[in-house]
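These are my notebook entries on one protein structure. I set down what I looked up, entry by entry.

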Amino acid sequence: MDRPLRIAVLASGRGSNLAALLRACVADELHARVIGVWSDRPSAPALDLARVQNIPAQSLRPRDFIDREAFDRALFADIDAALPDLIVCAGFMRILSAAVVAAHSQQMINIHPSLLPRHPGLDTHSRAIAAGDSDHGASVHFMIPALDAGPVIAQTPIAIRADDNPQSLAERLLPAEHELLVATVALFTRHRLGHTDGRVLIDGQPLAAPLQMIDDQLQPASPILASSDDR
Ligand code: GRF
């Protein structure tokens with residue numbers, strides 16, 4: 001069996017997605033281990049979640065650096081020194097500069113609370129309701145040097161109810177988001193994912209559409225693979 005996948009997590013806040021990854025690693029649901037957590041906010045609760053499990057956790061303050069590039073260089077020098085196989089942005093609320101994203105493009109993913117390409121950016125739950133969407137969800141995507149815009153690997157949809165407000169929608173989505181992240185990371189532990197030319201590759205073949213979380217499983221949308229006409 002391969003060695004466990006080494007995961008670095010970037011988080012700015014609460015860390016519930018980090019907690020879901022940690023639980024799955026401990027339960028052996030993921031053949032992986034979180035090797036470190038990095039934050040741009042010293043007070044991020046996510047850091048404490050790591051520390052109680054003796055996982056190295058550190059924060060760098062953006063205001064201590066001359067510009068975004070300098071902050072990102074320092075952050076990623078540290079992350080790279082830990083030799084991660086996968087870097088998971090789980091509620092990391094800073095835009096990363098193009099150079100660090102490009103240098104890690106096959107190994108860096110983000111979880112975003114919307115069905116991308118709908119609603120990139122902030123306030124996704126209220127924007128989905130305001131737009132009159134009938135469904136909402138979360139997406140895990142490879143990162144590229146543009147906000148919430150990389151190739152989408154997998155999504156989990158939920159219906160928007162007539163009486164939903166942004167808070168109720170966020171609360172209902174969160175457990176689904178955690179399952180989506182763990183199931184997607186499981187594909188990385190089996191070395192099944194990559195991307196090229198804006199398309200996700202699974203087992204080396206381009207995916208026609210993001211995988212969908214259905215009945216607690218990631219399933220391919222049909223048709224599974226892109227036809228040669230869409231490539
Ligand atoms: C999640 O909704 C995630 O999708 C978004 O920020 C939130 C972070 O939550 N990017 P948590 O810190 O993981 O609890």
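**Entry 1: helix 3**

I looked up the buried residues of helix 3 and found A70, F71, D72, L75, F76 and I79. Buried means under 20% relative accessible area, exposed over 50% and partly exposed in between, with a 1.4 Å probe and protein chains only. Helices (H or I, at least four residues) and strands (E, at least two) are DSSP runs, numbered from the N terminus.

I note that the model is predicted: local features need pLDDT of at least 70, side-chain atom pairs count only at pLDDT 80 or more, and totals for chains, interfaces and linings use all residues. Residues are numbered from 1 along each chain as its sequence is written, and side-chain values use heavy atoms, with hydrogens and water left out.

I then asked what covers the buried residues of helix 3. The cover includes strand 1 (5-10), strand 2 (32-39), strand 4 (86-89), helix 4 (98-103) and strand 5. Contact here means heavy atoms within 4.5 Å.

I checked the length of helix 3 (residues 68-81) as well: its 14 residues should span 20 Å at 1.5 Å a residue, and the end C-alpha atoms are 20 Å apart, which agrees. The expected span is 1.5 Å times one less than the number of residues. An α-helix has 3.6 residues a turn, so residues three or four places apart point the same way. After helix 3 comes L83, with a positive phi near 55°.

**Entry 2: nonpolar cores**

I looked up the largest nonpolar core, which has 51 residues; V9, L30, V88, I109, I153 and V185 touch the most other members. Helix 6 gives the most to this core, with 11 residues. A nonpolar core is a set of buried Ala, Val, Leu, Ile, Met, Phe, Trp, Tyr and Cys residues joined through side-chain atoms within 4.5 Å.

Which residues does V9 touch, not counting residues up to four places away in sequence? I listed L18, L21, V34, G36, V37, W38, V88 and A90. I also recorded a second, separate core of 18 residues, which includes W38, F76, I79 and L96.

I found about 920 Å³ of space in the largest pocket. Of the 40 residues that line this pocket, G91, F92, M93, I111 and P113 are the closest to its centre. A pocket is an open set of points on a 1 Å grid over the protein atoms alone, where a 1.4 Å probe fits, with protein on both sides within 12 Å along at least five of seven lines; lining residues have an atom within 4 Å of a point. Grid points are joined across faces, edges and corners, and the volume is the space filled by probe spheres set on the points.

Helix 1 (16-26), strand 5 (108-112), helix 5 (124-130) and helix 6 (166-189) each supply at least two residues of the largest pocket's lining. Helix 6 gives the most to that lining, with five residues. By class I noted 20 nonpolar, 13 polar and seven charged residues. Ala, Val, Leu, Ile, Met, Phe, Trp, Tyr, Cys and Pro count as nonpolar, Asp, Glu, Lys and Arg as charged, and the others, Gly among them, as polar.

The second largest pocket has a volume of about 390 Å³. Of the 21 residues that line the second largest pocket, E179, V182, A183, M213 and D216 lie nearest its centre. Helix 1, helix 6, strand 11 (211-214) and strand 12 (217-219) each give two or more residues to this lining. Helix 6 again gives the most, with six residues. The classes are 12 nonpolar, three polar and six charged.

**Entry 3: loops**

I located H191 in the loop between helix 6 and strand 8 (193-196). Is H191 buried or exposed? H191 counts as exposed because its relative accessibility is 54%. Its phi is positive, near 55°, and beyond its neighbours within four places in sequence it is in contact with D2 and L5.

I placed D215 in the loop between strand 11 and strand 12. Phi of D215 is positive, near 50°, and at 65% relative accessibility D215 counts as exposed.

S105 sits in the loop between helix 4 and strand 5. At 19% relative accessibility S105 counts as buried, and S105 touches F142, M143 and H195, leaving out residues up to four places away in sequence.

Last, I looked at P117, in the loop between strand 5 and helix 5. The peptide bond from L116 to P117 is cis, with omega near 10°.
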